[in-house]
Structure formats: C-alpha cells, structure tokens
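Hello,

Here is the structure you are taking over. Please open it first, then read my notes below.

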Amino acid sequence: MTSAPRFPRRRLLLGTGGVVVAAGAGWGATWLNVYRDRKRSNVGKLSFRTAVRIPDLLEPGRSADGRRHYPLTLAAGTSALLPGRRTPTWGANGSYLAPTLRARRGDHMAVTVRNRLPEASTLHWHGMLLPAAMDGGPHQMIERGAEWRPHWTVRQPAATLWYHPHPHGSTGSHVYRGVAGLIILDDEHSERAALPREYGVDDVPLVIQDKNFHDDGTLDFTETRLAESVAGADNVGVLGDTILVNGTYDPHFTVTTRRVRFRLLNGSNARVYWLGLTDGRTFHLVATDNGLLARPRAMDRLLLAPGERAEIVVEFKPGDEVVLRSFEPALDLGFPTERFMGGDDTFDIISLRAARQLRASPALPTRVDGAPALVEAPDGARRRHFDFTGLQINGKTMDMNRIDEVVPAGTTEIWEIERGDEWIHVFHVHGATFQVLDINGKRPPSYVRGPKDTVYLHEFGTARLAVRFDTLTDTRVPYMYHCHVLRHEDEGMMGQFTVVEPGTEASAPRSVDGGTHHH
Ligand code: C2O
Ligand code: CU
Ligand code: CU
C-alpha cells in the first residue's frame, strides 16, 4: 500500500487574510468567534437514513442517420432535499441534477437542450473533446424558451465527464441551484477491463456537493468571506455545511458485490474534499478526469477539487459498514485563510453498507490494457505562463471579446500555472487533456498526474502541465481556461483561446467578432 504522498507545507504566517486580522483591534474578539465557528463538521450528526439516489441513465434514441439523441430540458422545480422541507431547485429532465449520459467512442452524440429556466443559460460538456462551437461555454447562450442542438463525434478514450451551465457571470448560481450531470464514455478497452460496470449496482456515480439551507428549506446563497466589513475582501462563493450525494441528504449505499467502482465528481462550487474511508482501508484509483490509469493505484486519501472526477474501486466483506469521509484537506492557504476556505472541515459523505451476501467481482487488474498514455511534451514545446492571482489571470479579467491565446491544433504545450496568492484556485482548460509534470519542481501524487483536465493549485508557486490540444480548429469561436471555483470564474478569472491550423497563429483574429454567438 502506498499512502498518498502529501505536499510539504510552506506557510506564511499572515497572508492576505492576516492583514485583515491585524486591521481592526476593536472587532478582534468578534473575529475570533467567527474564526472558531468556521471549523465545520457533520461527523456524528448523520444517521445515513436514506438510500442514495442514482441519477437516471438517459438511454439515447438512435435515429436513421446513426446519431444518438439525448433530449435534455432545463427547468425549475421543487425538490425534497431535506426531510420535511421543499426546496426550489433547477435540474435537467427533473427538478434537481440531471440524467447520466452514456456513449461509446465513435458514437455521434446529438443533444437537444431546451431551456425552460427563468434565465438564459448554457450547457458545457466538461472534459469533452469537441468543436468549440459545441462546447457550451459562454458564447453558446441558450435564451429562455430557446433550444440548442449541439452534436459531435466522441473521439476520446473512456472517461467520466460531466456537464453543467457556463453562462458568463452566473455559472455559480446555475450549478448551485442544481444543474449538473455525469457523462460516462466507454471504449473497447474500458469494456474489456476487469472493472465493475453495472450502472447503479457496482458502478456507482457519486456527485458530491455542499449546500447551505435556510430554515424554510430554500437554498442559502450567502458567500464565504474572510471579513464582510473589509472592502474588496475576496470570497470563494458558497461553502456549505450540508452535504448532498446525488441530491440525497444523509445517504447510504447498499453494496451487493465484493468490489464497487465509484465514479466521484466534486460538483461543488468551491469546496475541496480530502476523501478516505473511516476504517482506513485502502482503495484503488482506476481513473482520473480524462480516463483510465494504466495501473490502478492503492491509496487511502484522495483530494478532489471542484470539477475534478476520480474513479475508485473499493473492496467489501459481507456485512461491512464504512463511511466515505472528507478529512481536513491541506489547502496550503496559510492562517487564517485555510480555515475560512474549509481547510479545517470534516464531513461524512456517505455510508457504504455491505449486504450479508456479496456477489463475486472480477479481481482488480494490475494493468488496464489500452489505457491512455500520460501526455508528454516534446523537447522545445511552446511554454505559456499563467499567473492566477486575485481574481485575474496574467493581470486580466475575462473579456468575452478578447482572444487571449491562439494555439496550433494538435500540439502539446507546457502551461505553467502560477498561484500567486492565498486563495483556492483550481485550473481547468477546455478542449484539452493534460498531465501535471511537477508542482514547484516536485513530482505530484499519482491522483493529480493525469490524464486530467482540472487540477487544484497547491502552494504558492508553479504547476507545470503538459497540455495536449485537440485537432479541431475554429478561428472565431474560443475555448475557455479558468479557475473552477465558480465564484472566481464568474468574477472573470477566465481566459479564452482559439485552436487554429498550425502555421496560422499569427494571422488569427484576436477578438471574437460579433461577441456572443447564438444558435
Ligand atoms: Cu466545468 Cu469551463 O467548466
Ligand atoms: Cu470544462
Ligand atoms: Cu480561484
């Protein structure tokens, strides 16, 4: 067993927040109370009463042209999230969350998105390699009452992806209200691998989200700040103290097989989870964001930042009961920000209860044939540097009409992502797959190497990524890269890049003509 290596901590005693602490002696005592109160936990408070909901699998219709059709209707509704309360929520094909879309490499997916929400929105296919015009980012707005029909061919390895709204400035609230779903991609290798794959039985999606509720059951949108009274004090958006799994409060899952594969998605706006099992048992990591690992890795803790996915296989004995818990994550933010951003929090996520009799499962493979190789950058690969500081990238706030980078199609580049402050930042890039080469020169733990599309930025300093861009080109419609803390993204911590024919970078337009593209 290899327990997941931790990053050595480099702590500054006072960061951005420290200035705040020192600022007003008069409210020092109040502040201390606030600080004390901000250590959150639900451990010991749950009884795991409710069987976890499993999102419906949306079986696509296949039309004469061979396309797989997925109808999605976004609408507002009311959900029974907490016992005895009704919560106004949003969802796709239901009042909260969205069905799981399943497709195979080579399939042509055709989605019809009907927007019955009270606001314009978009749907973005996070982790999918597809044409920029189908990406569902802020340039593909779907007005109220309108319909959008993106379609694309699945050209990438098996993986667990997800989809969520991405309208510029409102992604946080649209996701928080409940619009999010999983996409499971299969290929010939994943189908041949000796991994559990019966959806909802031994291949189980767990969408982990944190919420705050008012007493009347409505969602609380209050944002977490270091100090309300300090102008310009940054915040990360909502950090909830109530955990939902697939929209289920106080959940358990009944295990009926010796091994279960869990597809974990951190679908939270800002919270980072440090996941493990309460009896300390190891589990095996079999896939990260963009696909299967060639070798499953035994580990006992897994960091999952907003937007990240991981597939793990857990082994059970008859009658077992164990809880998946988020332990205090090391966010590397320093005092007191660490606490305010959830670094001292512990949350029970879900209880896993094994039946008295368990069906046999295939032995865990030591190798997964055909798993995608990690992205390697060639010698002399182009380097780009991105400074994530404050709510800006390289000193700039997102501008829908500005193209920040132009990337030659099909190339692999080294992207250096620098975290220059003490806030939670999570790097995500559309239309690409990466490997994390190193963080401040150190090799990262296996769960952050790849294949990835989203990564938590540890420590001050620089994460170097080998990023492979897709081969599809569009000189006008950009893809996004941004912080996946949704509040930060909404505040403009986002940039745009186009992917163009190699050799045409210099002549590519640097602005998005016509602004938002409507479909
Ligand atoms: Cu999960 Cu640009 O998003
Ligand atoms: Cu994305
Ligand atoms: Cu951020």
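W125 and W148 are both buried. Please keep in mind that this is a predicted model. How are the rings of W125 and W148 arranged? Their centres are 6.5 Å apart and their planes meet at 15°, so the pair is stacked. W125 belongs to strand 8, and W148 to strand 9 (residues 147-148). The two are 23 residues apart, and the pair links distant parts of the chain.

**Copper site**

The copper ion (ligand 2) is coordinated by H124 through NE2 and by H428 through NE2. The distances are 1.9 to 2.0 Å. H124 sits in strand 8 (residues 124-126) and H428 in strand 29 (residues 426-429), so the pair ties together parts that are 304 residues apart in sequence. Are these two histidines buried or exposed? H124 has a relative accessibility of 1%, so H124 counts as buried. H428 is at 0%, so H428 is buried too.

**Cores**

In soluble globular proteins, nonpolar side chains tend to be buried together.

The largest nonpolar core in this model has 81 residues. Among the residues with the most contacts inside it are F262, F316, W415 and I424. Which strand gives the most to this core? Strand 24 (residues 347-359) does, with six residues.

Take I424 as an example of the packing. Leaving aside residues up to four places away in sequence, I424 touches V236, A270, V272, L331, L333, M341, Y456, C483, V485 and H488.

There is also a second, separate core, with 28 residues. L72, L74, L130 and W148 are included in it.

**Strand 12**

Look at strand 12 (residues 181-186) next. Six of its six residues are buried, so strand 12 is largely enclosed by the rest of the structure. In a regular strand the side chains alternate between the two faces of the sheet. Both faces of strand 12 are covered. On one side, G181, I183 and L185 are buried. On the other, L182, I184 and D186 are buried.

What pairs with strand 12? Strand 6 (residues 100-104) runs parallel to it, joined by four bridges. A103 stands opposite L185 there. Strand 11 (residues 159-164) runs antiparallel to strand 12, with five bridges. L161 has I183 as its bridge partner.

One open sheet has seven strands, in the order 15-14-13-17-22-19-20. Its pairing is mixed. Strand 15 (248-249) and strand 20 (291-299) are the edges, each pairing on one side only. Inside the order, strand 17 (residues 259-266) and strand 22 (residues 309-315) are antiparallel, over seven bridges. L264 is the bridge partner of A310 in strand 22.

Another open sheet has five strands, in the order 26-25-28-32-30. The pairing is mixed here as well. Its edge strands are strand 26 (392-393) and strand 30 (432-439). Strand 25 (residues 383-389) is joined to strand 26 by two bridges, and these strands run antiparallel. T389 has Q392 in strand 26 as its bridge partner.

**Aromatic rings**

How many aromatic pairs are there? The count comes to 18. One of them is Y35 with F340. This pair is tilted, at 5.9 Å centre to centre and 50° between the planes. Y35 is in helix 2 (residues 28-37) and F340 in helix 5 (residues 337-340), 305 residues apart. Y35 is buried, with a relative accessible area of 16%. F340 is buried as well, at 1% relative accessibility.

One aromatic cluster is formed by F386, F388, W415, F427, F434, F469, Y479, Y481 and F497.

Two arginines sit over rings. The charged end of R177 is over the ring of W90, 4.8 Å from its centre. R301 lies over the face of F327, at 3.7 Å from the ring centre.

Best wishes

Definitions and conventions:
Residues numbered from 1 in each chain as written. Chains lettered and ligands numbered in written order. Predicted model: local features only at pLDDT ≥ 70, side-chain atom pairs only at ≥ 80, totals over all residues. Heavy atoms only, no water. Core = buried A, V, L, I, M, F, W, Y, C linked by side-chain atoms within 4.5 Å. Buried < 20%, exposed > 50% of the residue type's maximum accessible area, 1.4 Å probe, protein only. Contact = heavy atoms within 4.5 Å. Donors = N, O, S within 2.8 Å, 3.2 Å for Na, K, Ca; no water. Pairing = 2+ DSSP bridges. Phe/Tyr/Trp six-rings, centres within 6.5 Å; stacked < 30°, edge-to-face > 60°. Lys NZ or Arg CZ within 6 Å of the ring centre and 35° of its normal.
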